[in-house]
Amino acid sequence: MKQIKELSKNTNYNAVNLGNLNELMNYSLIHPVNKQEIEGKVFLKDATQATGSQISFNSLPPKSEQTYFHIHTKNEETYIILKGYGFFQVDDDCFEIQEGSIIRVAPKGERGICNASNENMIYQVIQSKENSLEEHTTADGKRVGFNPKWK
């Protein structure tokens with residue numbers, strides 16, 4: 001099983017590296033409820049010590065589907081398709097997805113994903129508490145003076 005590599009950390013950040021996304025199938029975890037191994041999935045909350053979201057990277061083998069549909073009680077999920085194509089279903093709606101597709105699903109939406117391509121589908125899921133975002137983009141930012149060390 002592949003391990004997340006820590007790049008650097010300090011008071012205000014944690015930086016990690018998953019490696020080549022084509023090697024996501026080398027990650028696996030044990031599902032906390034059914035105790036089955038899930039290959040091609042890695043969660044980042046603990047590795048980055050995130051406090052407001054859970055991010056995962058996922059790999060779905062060619063011509064396969066996620067083995068279950070699921071809902072959440074509090075958290076919405078945003079799926080970002082990075083590679084491959086297939087289908088996504090929320091409740092009774094099923095639609096085509098491909099690289100660049102982005103799908104936000106409310107907690108109660110019954111969701112599932114299928115890879116119809118001949119390559120591993122790679123996608124990212126960002127999970128956060130529904131209706132928790134109070135300020136965003138430029139409304140929450142403030143510019144500061146700084147001298148970049150990469151120059």
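Visitor: Which pattern does the protein follow, read along the sequence?

Guide: Helices (H or I, at least four residues) and strands (E, at least two) are DSSP runs, numbered from the N terminus. Here the order is β-β-β-β-β-α-β-β-β-β-β-β-β-β, with one helix and 13 strands. This is a predicted model, in which local features need pLDDT of at least 70, side-chain atom pairs count only at pLDDT 80 or more, and totals for chains, interfaces and linings use all residues. Residues are numbered from 1 along each chain as its sequence is written, and side-chain values use heavy atoms, with hydrogens and water left out.

Visitor: How is a pair of aromatic rings described?

Guide: One gives the distance of the centres and the angle of the planes. Rings of Phe, Tyr and Trp (its six-membered ring) pair if their centres lie within 6.5 Å; planes under 30 degrees apart count as stacked, over 60 as edge-to-face and the rest as tilted. The structure holds three aromatic pairs. Phe88 and Phe95 form a tilted one, 6.0 Å centre to centre with 35° between the planes. One aromatic cluster is formed by Tyr79, Phe88, Phe95 and Tyr123.

Visitor: Is Phe88 buried or exposed?

Guide: Buried means under 20% relative accessible area, exposed over 50%, and partly exposed in between (1.4 Å probe, protein chains only). Phe88 has a relative accessible area of 0% and is therefore buried, whereas Phe95, at 32%, counts as partly exposed. Of the 151 residues of the protein, 31% count as buried.

Visitor: Where does Asp91 lie?

Guide: Asp91 lies in the loop between β9 (85-90) and β10 (93-98). With a relative accessible area of 40%, Asp91 is partly exposed.
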